[in-house]
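Here are my notes for someone opening this structure for the first time. Have a look at the model, then go through the points below.

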Amino acid sequence: MPGLNACFVDVGFERDAFLHYLDLGNQFDSYAKYLKQVQSDRKKLYPISKATRLPDLKKDGSVATTLSLGQEVLVQIVKEPISTKGPRLTCELSFAGRYIVLMPFHDKVSVSSKIKSGEERARLKQLIQSIRPKNFGVIVRTSAEGKRVAELDSELKVLLKRWEDAITKVQKTQTRPQLVFEETGRAVAMLRDLFNPSYENIYVNDEAVCEEVKHYVTLIAPEKANIVKKYTGSVPIFDNFNVTKQLKSSFGKTVNYKHGAYLIIEHTEALHVVDVNSGNRTRSANGQEANALQVNLGAADEIARQLRLRDMGGIIVIDFIDMNLAEDRQMLYERMCKNMQKDRARHNILPLSKFGLMQITRQRVRPAMDVMVEETCPTCFGKGTIRSSILFTDQLESKIDHLVNKIGVKSFYLHVHPYVAAYINQGFVSLKRKWQFKYGFGVHVIPSQKMAFLQYEFYDSKKQFIDMKEEIETK
């Protein structure tokens, strides 16, 4: 696409990925030449240390003269597909670790600007220069501050191995497009960026992920290895740690925060719009201005949290309650800046405009988390009519009878709304006891906060879902 000075690349996704000329990187020619050398010999890998570095790509060049139709390129996805847009690519590959980022075909060592001490910056730069392999650049991350050479060297070796595995895949296999390197699992990637000594426990409800997390924590903080625990409770993990309730109250279009005030969050193709409402909060004794300031400051705290929670990116426009005093508007702007300091995504905040609107841009890497808290009624399938609630337990019993006597599942877990679970478990000879005497002691009733009032789910002894739903139930 010469008009955009960009091209579209087939990466095996339903939509072609977008690669702009400026994202080819300075060393694109060196990469392209090295790629040809690697693919010309399937038996022996051409070492990167012997690769020749060609002159940098011109800043004002054209994609049409640099790339040709059908050419193979080694690319990395920097932005996931969002709504109608395909993935965004770069040819400047990087392998991120906890302390350093390794970049093939670069020759610079950069240190994170968040490390302020000049002495420490010089030490890290010198240290990395001494262990850096030829034809590799390194970015030193903030968490490397104060770390010893052995720790940085061992991580460098791990990252080098990742690069070697990826390029070996390119050399050995013919199929295209092909995935040559994938980031570690989401759980491990989050720990890599967020883990700190204040962590007390990490609970995981999946055996494989638990092992992966344990292995990673042992690598980065051996003394903390025992904080990773497999969650074995019968109650769903999110209910046990009160996450379900927080998710349902924090997501959705309306978000309540202190003293009856609330936010309305709307998402459009171009931007996110947030409206601040004072709701039914009691009026401040100091009049409207003080009331507006209180509501707006509370909103600033909650909005900063929501942006991180939902990972909202792009342009965010906030309509605060109008305030007349310039010092109040300045205080609100400063409060918002302070709240956003904790945010790891790049962002930019503008002071309130003439109309009382605040504009924020925030780095958008993946789609915003839209957790729908309104659900299609699972008991009427959106029809609007259901059987009488009092017959619900009879319906459950017929399902249990069918499961035990027709299908032959003797041990299972029935997940129901906590109110229904309380009803089933209540009394001297509870309904649950009657079912156990009748169908065996493999009947377990679990209260689950994610269930709607007359919704139920069956799981077998291995926690696998058993589908017992029938459309006919609603008639």
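1. Let's begin with a strand pair: strands β7 and β8 (residues 136-140) run parallel and are joined by 3 bridges. Val111 sits opposite Val140 of β8. As for terms, strands (E, at least two residues) and helices (H or I, at least four) are DSSP runs numbered from the N terminus, and two strands pair if DSSP finds at least two bridges between them.

2. A quick word on the source: this is a predicted model, where local features need pLDDT of at least 70 and side-chain atom pairs count only at pLDDT 80 or more, while totals for chains, interfaces and linings use all residues. Residues are numbered from 1 along each chain as its sequence is written, and side-chain values use heavy atoms, with hydrogens and water left out.

3. Now the sheet around that pair. This open sheet has 4 strands in the order β5-β6-β8-β7, with mixed pairing. Its edge strands, β5 (95-96) and β7 (109-111), each pair on one side only. Helix α3 (residues 118-131) lies across β6 (100-104), β7 and β8, at about 150 degrees to β7 (axes are lines fitted to C-alpha atoms, for helices over the stretch in contact, and angles run from 0 to 180 degrees between N-to-C directions).

4. Which residues of helix α5 (residues 186-194) are buried? They include Val188, Ala189, Leu191 and Arg192, where buried means under 20% relative accessible area (1.4 Å probe, protein chains only). Seen down the axis of α5, the buried residues fall within an arc of 160 degrees, so they line one face of the helix; the arc is that of the directions from the helix axis to the C-beta atoms. Their cover includes β5, β9 (202-204) and α6 (207-220), with contact meaning heavy atoms within 4.5 Å.

5. Strand β1 (residues 6-9) runs antiparallel to β2, with 4 bridges joining them. Ala6 has His20 as its bridge partner in β2.

6. Finally, helices α9 (residues 288-310) and α10 (residues 326-340) pack at an angle of about 20 degrees, their axes 9 Å apart. That makes α9 roughly parallel to α10 (angles under 35 degrees count as such). Among the contact residues are Leu293, Leu297 and Ala304 of α9 and Met331, Leu332 and Met336 of α10.

Methods. Buried means under 20% relative accessible area, exposed over 50%, partly exposed in between (1.4 Å probe, protein chains only). Angles under 35 degrees count as roughly parallel, over 145 as roughly antiparallel, 65 to 115 as roughly perpendicular and the rest as oblique.
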